[in-house]
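Hi,

Here is the structure I promised to pass on. Have a look at it first, and my notes on what turned up follow below.

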Amino acid sequence: MRAITSRAGVAAAAILLSTGCALSTGHAAPPAATGASAAGTGGDTGTVSTVPAGTAALTPAAARGTVRAASASIASTASTASAAKGPARCRTTGLRARVGRQDPGAGNRYAPLVLTNASGRTCWVYGFVGLVLIDGRGDVLRTRTRRESVTPHRVTLRPGASAHARLHWTVVPTDHETRCPVSARLMIIPPDEVAHLEVPFTASICDDGRIDARPMSPGSGL
């Protein structure tokens, strides 16, 4: 896996931006509601506070205890809010990619495209990957990624855990094809990402470079 700086990377990026089919669309979560302020300010009006009855009679030790209790309550509330927020989406920089063993069958090929959480935190993936085939000279090959009609589900990945997308293609030339180009590498754009990964991928893909892809699922095998 390596970053792309060659002409293939530039050309592939242009293809993805022009077609829009390789990138899935994400939706930002709504902002959390903001609580009302306990004290108001405005113009020349000073901050007004109310002292509960009996507070002035507290001893210094009792006052310190009250402050510690309030601080503990605030810390507990912040911790609960952080836990409720949950893990973030997996980013390209925190993922490692590979294509698993190809399974043949009557002119068809199947293989898992595996994404592994290489970061130190739990994250999740959801939806479909984007794909671009590259030949042995570093040139971009015609690639048609078709999303199968399978409902996607969020897959949570702990550090070191993997998810996969099943890929399918044909090795039988269509009516207008005399031969099918052979790829050497595969550019992978994780769901909802723009940055990509690149892995070795030797395959003869017919039907104008059509690859059927399923959404990300748990595990690394088909």
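Glu148 and Arg214 join their side chains in a salt bridge, at 3.0 Å from N to O; the term stands for a side-chain nitrogen of Lys or Arg within 4 Å of a carboxyl oxygen of Asp or Glu. This pair ties together distant parts of the chain, 66 residues apart: Glu148 sits in the loop between β7 (144–147) and β8, and Arg214 in the loop between β12 (210–213) and β13 (217–218). Strands here are DSSP runs of E with at least two residues, numbered from the N terminus. Glu148 is buried at 12% relative accessible area, while Arg214 is partly exposed at 33%. For those words I used under 20% for buried, over 50% for exposed and partly exposed in between, with a 1.4 Å probe and protein chains only.

Before you go further: this is a predicted model, so local features need pLDDT of at least 70 and side-chain atom pairs count only at pLDDT 80 or more, whereas totals for chains, interfaces and linings use all residues. Residues are numbered from 1 along each chain as its sequence is written, and side-chain values use heavy atoms, with hydrogens and water left out.

The salt bridge count comes to 11. Another one to look at is Arg89 with Glu193, at 2.4 Å from N to O. Here too the partners come from distant parts of the chain, 104 residues apart, with Arg89 in strand β1 and Glu193 in the loop between β10 (182–189) and β11 (197–204). Arg89 is partly exposed at 23% relative accessible area, and Glu193 is buried at 6%.

Asp135 counts as buried at 10% relative accessibility, but Arg137 is exposed at 67%.

On to the sheet that holds β1. It is an open sheet of 3 strands in the order β1-β5-β8, with mixed pairing; two strands pair if DSSP finds at least two bridges between them. β1 (88–89) and β8 (155–157) are the edge strands, each with a single partner, so one side of each has no neighbour in the sheet. β1 and β5 (residues 123–125) run parallel and are joined by 2 bridges. Across that pairing, Ala88 stands opposite Cys123 in β5.

Cheers

Definitions and conventions
Helix = DSSP H or I, 4+ residues; strand = E, 2+ residues; numbered from the N terminus.
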